[in-house]
Amino acid sequence: MAVIVIVGAQWGDEGKGKIVDVLTEKADGVARYQGGHNAGHTVVIKNEKFVLHIIPSGILHKGKTCIIGNGVVVDPAFLIEEIDELKKRGIEVGENLFLSKNAHLIMPYHTAIEREQERLKGSKKIGTTGRGIGPAYVDKIARTGLRVGDLLYPEVFREKLKINLSSVNNLLKALYNAGGFDLENVYKEYMGYADRLSGHIADTDVIINKMIDENKNMVLEGAQGTLLDVDHGTYPYVTSSSASAGGACTGLGVGPTKITKVIGVVKAYTTRVGEGPFPTEIKDSLGEKIREKGGEYGATTGRPRRCGWLDMVALKYSIRVNGFTGLVITKLDILDGLEKIRMCTSYKCDGILHEEFPKELSVLERCEPVYEEVAGWKENTSGIKNFEKLPGAAWEYIRKIESMLNTKIQIISSGQKRDELIMLHEPF
Ligand code: IMP
């Protein structure tokens, strides 16, 4: 039995979707623990591309239990759209999908508030995905949120909505001079969603813990990445949830003693979408080249991702706050053909060398990366399935990452398709 948490080790978009999909083959269930439809997990099966935003990517395997946990924020309209789209493409979505009663609902006013907040921030905006994620989590922590379970009790739902709308409509008008929302319209809209989703709504903590007690193999799937975590990321340029490993416990109701492994997914270089500090960003044409070759455009918003070299300072920090037991390296092939590859080993700021990831944004923003250069390789590594076929320099790069981070690399992903990977140490 294994309960494996999969976490993005950087700023998200490391390729977790494919890794979760691959591991699900040997798992009985897969559960998503935080975030919402701000995430975009791309999986390619036999040349067919699936982009999942809220449903765990394990759904693409037949007969696996898929759970959307209490730590997730759910836009029901979007979830229904995703279910319908998957069904249209022949994927089974029925009794295999469970939605936690305690997950919070994204309401139309969350998106409206976020839009106005970002507009007012001007150049200091966070560059959110605009999906109401932050304001939904604000309501959760402020104890004013509506939860998925409320959909099953129309009178309770209506009463809570009425109270929320009376303050939200005032806020929208007074602060932003923006229009408000009509109680009856929102109520009717959400009761329609309740009809569609009621069959999926469940006590997911009971389901997942029962599976663990029965010695089933489970994958606990994080969205975004450690450096976007609300506590451990580059605050305030973060998302509003606990993307790092600890979030799996609170976001699913699984005790820390039940977790057997924590695997960090690391892209062979670094990307970031949205605003915020990024010390190893490559601002010249090479950054552009990596973006084009790696298809580095947001799976959710289509925004171009900023690209940079591998940042060992940030990765060491990520390993510490997650307690990774192993790593997966993705998109190594995107670096094919480079003469030299840079790895950032420390930062310099005001003449001071930083080997630890600075917590202060004002310091991190001014950090200059200190690089070590390693040899690149000319050969094409895309689709390689056997480590012996990797060019020597690529293998050296992998080994160097492993020794600098003092953490075992378990899988090297060499392409988008399921079977395009080198399995070094089977996680299950
Ligand atoms: P939010 O999650 O929409 O509130 O956006 C906050 C920050 O997290 C922004 O910089 C987004 O670009 C970033 N972000 C949110 N979800 C993802 C993701 O799945 N991949 C990469 N960045 C993300």
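Student: Which strands does helix H12 lie across, and at about what angle does H12 run to S19?
Tutor: This is a predicted model. Helix H12 covers residues 392–405. Helix H12 lies across strand S15 (326–330) and strand S19 (409–413). The angle to S19 is about 145°.

Student: What is the strand order of the open sheet of 10 strands?
Tutor: Strands of a sheet pair through backbone hydrogen bonds, either parallel or antiparallel. In this open sheet the pairing is mixed. The order is S9-S7-S5-S2-S10-S1-S11-S15-S19-S20.

Student: Which are the edge strands?
Tutor: An edge strand here pairs on one side only. That holds for the strand at 201–202 and for the strand at 421–423. They are S9 and S20.

Student: Why is the pair of Tyr109 and Phe181 edge-to-face?
Tutor: A search of the whole structure finds nine aromatic pairs. In the pair of Tyr109 and Phe181, the ring centres are 6.5 Å apart and the planes stand at 65°. Planes over 60 degrees apart count as edge-to-face. The angle of 65° therefore makes this pair edge-to-face.

Student: How many residues apart are Tyr109 and Phe181?
Tutor: Tyr109 sits in helix H3 (residues 108–121). Phe181 sits in the loop between helix H5 (154–176) and helix H6 (183–197). The pair links distant parts of the chain, 72 residues apart.

Student: Is Tyr109 buried or exposed?
Tutor: Buried means under 20% relative accessible area. Tyr109 has 1% relative accessibility. Tyr109 therefore counts as buried.

Student: What does Phe181 count as, by relative accessibility?
Tutor: The partly exposed class runs between the buried limit of 20% and the exposed limit of 50%. Phe181 has 24% relative accessibility, so this residue counts as partly exposed.

Student: What kind of aromatic pair do Phe387 and Trp395 form?
Tutor: Their rings are 5.0 Å apart, centre to centre, with 25° between the planes. Phe387 is partly exposed at 35% relative accessible area, while Trp395 is buried at 17%. Planes under 30 degrees apart count as stacked. The pair is stacked.

Student: Which ring does Arg158 lie over?
Tutor: Ring pairs link Phe157, Tyr187, Tyr190 and Tyr193 into a cluster. Arg158 lies over the face of one of these rings, at 5.5 Å from its centre. That ring belongs to Tyr187.

Student: How far does Arg89 lie from the ring centre of Phe50?
Tutor: Arg89 lies over the face of Phe50. A charge sits over a ring within 6 Å of the ring centre. For Arg89 the distance is 4.1 Å.

Technical notes
Residues are numbered from 1 along each chain as its sequence is written. This is a predicted model: local features need pLDDT of at least 70, side-chain atom pairs count only at pLDDT 80 or more; totals for chains, interfaces and linings use all residues. Side-chain values use heavy atoms; hydrogens and water are left out. Two strands pair if DSSP finds at least two bridges between them. Helices (H or I, at least four residues) and strands (E, at least two) are DSSP runs, numbered from the N terminus. Contact means heavy atoms within 4.5 Å. Axes are lines fitted to C-alpha atoms, for helices over the stretch in contact, and angles run from 0 to 180 degrees between N-to-C directions. Rings of Phe, Tyr and Trp (its six-membered ring) pair if their centres lie within 6.5 Å; planes under 30 degrees apart count as stacked, over 60 as edge-to-face and the rest as tilted. Buried means under 20% relative accessible area, exposed over 50%, partly exposed in between (1.4 Å probe, protein chains only). A charge sits over a ring if NZ of Lys or CZ of Arg is within 6 Å of the ring centre and within 35 degrees of the ring normal.
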